[in-house]
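Trainee: I am new to this structure and would like a close look at a single part of it. Please also put that part in the setting of the chain.

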Amino acid sequence: MESSTTTSYSVVSELEGTLLKNPKPFAYFMLVAFEASGLIRFAALLFLWPIIALLDVLSYRNCSLKLMIFVATAGLRESEIESVARAVLPKFYMDDVSMDAWRAFGSCEKSVVVTRMPRVMVERFAKDHLRADEVIGTEIIVNRFGYATGLIQETDVDRSVFNSVANLFVNRRPQLGLGRPAILDSPTFLSLCEEQIHAPIPSNYNVENQQIHAQPLPVIFHDGRLVKLPTPATALLILVWIPFGIILAVIRLFIGFMLPLWAIPYISRIFNIRFIVKGKPLAQATAGNLGVLFVCTHRTVMDPVILSYVLGRSIPAVTYSVSRLSEILSPIPTFRLTRVRQVDAEIIKKELSNGDLVVYPEGTTCREPFLLRFSALFAELTDKIVPVAMNYRVGFFHATTARGWKGFDPIFFFMNPRPVYEVTFLNQLEVEATCSSGKSPYDVANYVQRILAATLGFECTNFTRKDKYRVLAGNDGTVSYMSFCDQFKKVVATFKPFFH
């Protein structure tokens, strides 16, 4: 179906309730409130939820939307909202994508996403992951100092969306429109489209166009402390749990410092921490022999400590960028690498001469089921390589951050009701698989990455720690010395979810 008034293979789709299964944007505003501001704003928006829901029931959709936007964004820097939209929201959007709607949306050459949410909250995800060409949404009013007023430019959101779509397709019509049916007499962009399909999109719907994109681009890098989407029920549970979680974290950390390493896996069961160990770990290297290099996947700052727990002995770890507080509080020795290849090689060889050592070739943590590119340095230094696949599961809070202060990662980990760590020891590499057989260090590193990814069911990537921090934090992830004042500011910024 194509005519002079139809844009070939163009689609306009609504985000809420169509591309996303959930038609209610409340939980995404809760994420902005928590991650960009703090617990007080998070609680205030939650307590207003009954009013917001009532306004929706009474068909005052514009009023409920404006109330959510005001409470979630008023007084925030525009850059803070953009940061949350870039680093936090895409993961939760992606988890809610309707693949039936995506198949129709991804089959068109030109695609436009329309949303009632502020455009700044959606644009990064829609363009980077849904491959949208344009995003039409509400516009938050920002004052001359760069702070959001909490108000939006649009008076009638539906009418504004209708006009924006009409202006985008002047003298032509989009071929396909995906969205929810109109409510009452509200104008809808669907009336501008040649073909209209109401959500939910049928799974057997077939467009004539050839599929251009098979899948949305996956979210590989993700930040933010909340694990679950804060729906009203989940948000209330988080608020109730936080005081108990802080007390529990302090007790768990105290016990961890007081007891010997070998006792932790047994005592941890009392405090609802579970360790799952698979494979057979090697015995400790004897005096005078070169130690074993444990090459591990990197999920949280707790990885080397957990490895020492399950082995029942202290295994030193080399690190790239961890906070000074983490180094001080660590129950195992840590050695900071310099990122100067020759210097780092000497540090690793020296520690291996003293015994076993832990290294993380990815150089940073990654939450999603992907492994970052492995540095080949470890393969050049020893043939006694034992790959270790590490993974973790938590219920409420992530134990990693790119935008906050890493010193509090262990606290957030132990604040979870029942954290679980999985440690899988693979067999030591055969000599034929190491550089001793003539293989290049890069081949060895890639091989170790592949077998670890296969063990965990993850995918290998060529992304590096710099890629991660450029996406999530806008820097290269290097931790440098900071004055006490700067460190205090960083702590306050990290604990925005608790103070504001």
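Mentor: What follows looks at Glu368 and then at the chain around it.

This is a predicted model, in which local features need pLDDT of at least 70, side-chain atom pairs count only at pLDDT 80 or more, and totals for chains, interfaces and linings use all residues. Residues are numbered from 1 along each chain as its sequence is written, and side-chain values use heavy atoms, with hydrogens and water left out.

Glu368 lies in the loop that runs between strand E12 (357-359) and strand E13 (370-371); strands (E, at least two residues) and helices (H or I, at least four) are DSSP runs, numbered from the N terminus. The relative accessible area of Glu368 is 7%, so this residue is buried, a word that means under 20%, with exposed over 50% and partly exposed in between (1.4 Å probe, protein chains only). Apart from neighbours within four places in sequence, Glu368 is in contact with Lys91, Val219, Ile220, His222, Arg299 and Phe458, where contact means heavy atoms within 4.5 Å. With one of these, Lys91, there is a polar contact from side chain to side chain at 3.2 Å. Such a contact is a pair of N or O atoms within 3.5 Å; within protein, one must be able to donate a hydrogen and the other to accept it, and residues adjacent in sequence count only if both atoms are side-chain atoms.

As for the setting, the chain has 20 helices and 16 strands. Of its 500 residues, 52% are buried. Among chain contacts between residues at least 6 apart in sequence, 75% join residues at least 24 apart.
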